[in-house]
Amino acid sequence: MARRGRSTETGFNGRAFWSSNENRYTVIALEDTARRRITQNAIDTGAFDTAEVADRGAQTVDGKSAEIVHVTPRGGIPADLAIDPATGAYLRFTLEPDDRYQRAVTRILGYTEIAPGVRVPSAYAGEHGGDTWRFVSGKVRAVSDDDLRAPSPAPRWSFGNDTPPIEIARGTFAGHAVYVHASINGHPGRFLLDSGAGQILLYHPYVDKIGLTMLGKTGFSGINGRTVEARYGRADTIAFGDNVLSNVVLGIAPPDDQNTIADGIIGFDVLAGAVVHVDLAHETIAFGDPASVEPSVAKGAFAFPVNLADNTPEVVVNVGKVATRATLDTGNALFVALSDNLKTSGRLVALEHSTLFSSGVDGIQQEPDSCYLLNEMSVGPYRYRNPTVCLSKEQVYGRDGGLIGFDFLRHFNWTFDYTRSHVVLTPNGL
């Protein structure tokens, strides 16, 4: 999929679904993401031989009579298919139709034949307008093993020997955030190191002076679920001392989103192609080549297998007897934030301790989270005693999901090894 000088790709390599971002960094679809891809693939190919199927009656879709068929492919998520009884064509499909937060509707606006008997949508759009995607060209051809492989990343690292210093912003807790110093296109800046960010994001006025190549429009959202319009740009270089990343696509916040604390956010696209070690005890950051550097796991440390499907490192956490998931988020200055489905579903029973407004790249919450003081939760082998857990909208996190913030992470040094899908946490005595 290409738009204005940038592109993304998705595929299946014979064993797993994958996707690559604008910098061609690739992640494997796991858990909920994989289940959605299984169902989407079944819809695209009509492969419902092993699916559970139920009739949901007739509806009018875009002025046409349609039969609604509820399908759940093996290993996938449920979907409703609106089928034209006269032609068998899909008029619309809805992923997770009975989930008010995860429900996603796609309207098929027409079909085109690309080979005898092979028809594909000529255009499609969302439920309430917005962008319309149109088929431009395509053909039926044999697929080789090379076609199934994910692309190679477009950015290139040149690794040096520097271990630049970091800043730990001190606040109510031992540390609120980590800031790194880098130069983009030769212009020094101060950036929040945010493992919970799926991209690099730059703010004004810093971005106005560094000479980026401007690309197309995009958008981003944060912990409050709002979408903010943004732009894409391409930087020639991002340098951390003598460690240099070249040819990087990054996000640019809108002009009215100015930040006086940081010039931007360093997220996935810096962490994806290097072994990045953050030493909170000595306040340094180091970069290594994944081809020659494999992190050691010292006594007391733990290498977390992480799900990077959304370009952030998600791990399993246990709240009492309930297993859920959350992202190791170095940009979260405070506590743990989890989906309020834990409370509404009855899986978590606790008394409210306080309320808290959260702030993210999409602004400050309009309504506060309810926060609870728990006796204990566990993150891997580590027991997190007396944690404050704030419950945020299921609309943002889904049934399971959330963030593990600095109040927990400050007790460890961090090693991000995304090429092996690991984050190593090493107790630092702080």
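Okay, one definition before we start: a helix here is a DSSP run of H or I with at least four residues, a strand is a run of E with at least two, and both are numbered from the N terminus. Also keep in mind that what you see above is a predicted model.

Where is R410 found? R410 is in the loop between helix α6, residues 406-409, and strand β36, residues 412-417. And is R410 buried or exposed? The cut-off for buried is under 20% relative accessible area. R410 has 17%, so this arginine counts as buried.

Now, β36 leads us to a sheet. Five strands form an open sheet, and the order is β23-β22-β36-β37-β24, with antiparallel pairing. At the edges you find β23, residues 284-288, and β24, residues 302-305, and each of these pairs on one side only. On average, neighbouring strands of this sheet are turned by 15 degrees against each other, if you ignore direction. A quick reminder for anyone new to this: strands of a sheet pair through backbone hydrogen bonds, and they can do that parallel or antiparallel.

Let's zoom in on one pair in there. How many bridges join β22 to β23? Five of them do, and β22, which covers residues 275-279, runs antiparallel to β23. If you want a pair to click on, take V276: its bridge partner in β23 is F287.

β4, residues 17-20, pairs with β5 over three bridges in the antiparallel sense. In that pairing, S20 has T26 of β5 as its bridge partner.

Hold on to T26, as we meet this residue again in a pocket. The second largest pocket holds about 440 Å³ of space. It is lined by 21 residues, and the closest to its centre are Y25, T26, A272, Y418 and T419. Which strand gives the largest share of the lining? That's β5, residues 26-28, with three residues. As for the kinds of residues, the lining has 14 nonpolar, four polar and three charged ones.

On to the cysteines. If you search the whole structure, you find one disulfide. C371 and C390 form it, with their sulfur atoms 2.1 Å apart. The angle about the S-S bond is 100 degrees, and the link is right-handed. What does this pair tie together? C371 sits in strand β31, residues 369-373, and C390 in strand β34, residues 388-392, so the link connects parts that are 19 residues apart in sequence. Both C371 and C390 are buried.

Last stop: some backbone details. The peptide bond from H204 to P205 is cis, with omega near 5 degrees. P205 belongs to the loop between β17, residues 201-202, and β18, residues 213-221.

Then there are two asparagines to look at. N185 isn't a glycine, yet its phi is positive, about 50 degrees. You'll see N185 in the loop between β15, residues 177-184, and β16, residues 187-193. With 18% relative accessibility, N185 counts as buried. N247 has a positive phi too, near 60 degrees. But N247 is found in a strand, β20, residues 243-252. At 30% relative accessibility, N247 counts as partly exposed.

One more proline and I'm done. P73 is in the loop between β7, residues 64-72, and β8, residues 79-83. Its relative accessible area is 7%, so P73 is buried. Between P73 and G216 there are 36 Å from C-alpha to C-alpha, and they lie 143 residues apart along the chain.

Technical notes:
Residues numbered from 1 in each chain as written. Predicted model: local features only at pLDDT ≥ 70, side-chain atom pairs only at ≥ 80, totals over all residues. Heavy atoms only, no water. 1 Å grid on protein atoms, 1.4 Å probe; cavity = no way out; pocket = protein on both sides within 12 Å on 5 of 7 lines; lining within 4 Å. Points joined across faces, edges and corners; volume = space filled by probe spheres on them. Nonpolar A, V, L, I, M, F, W, Y, C, P; charged D, E, K, R; others polar. Pairing = 2+ DSSP bridges. Axes fitted to C-alpha atoms, helices over the stretch in contact; angles between N-to-C directions. Disulfide = S-S within 2.5 Å. Buried < 20%, exposed > 50% of the residue type's maximum accessible area, 1.4 Å probe, protein only.
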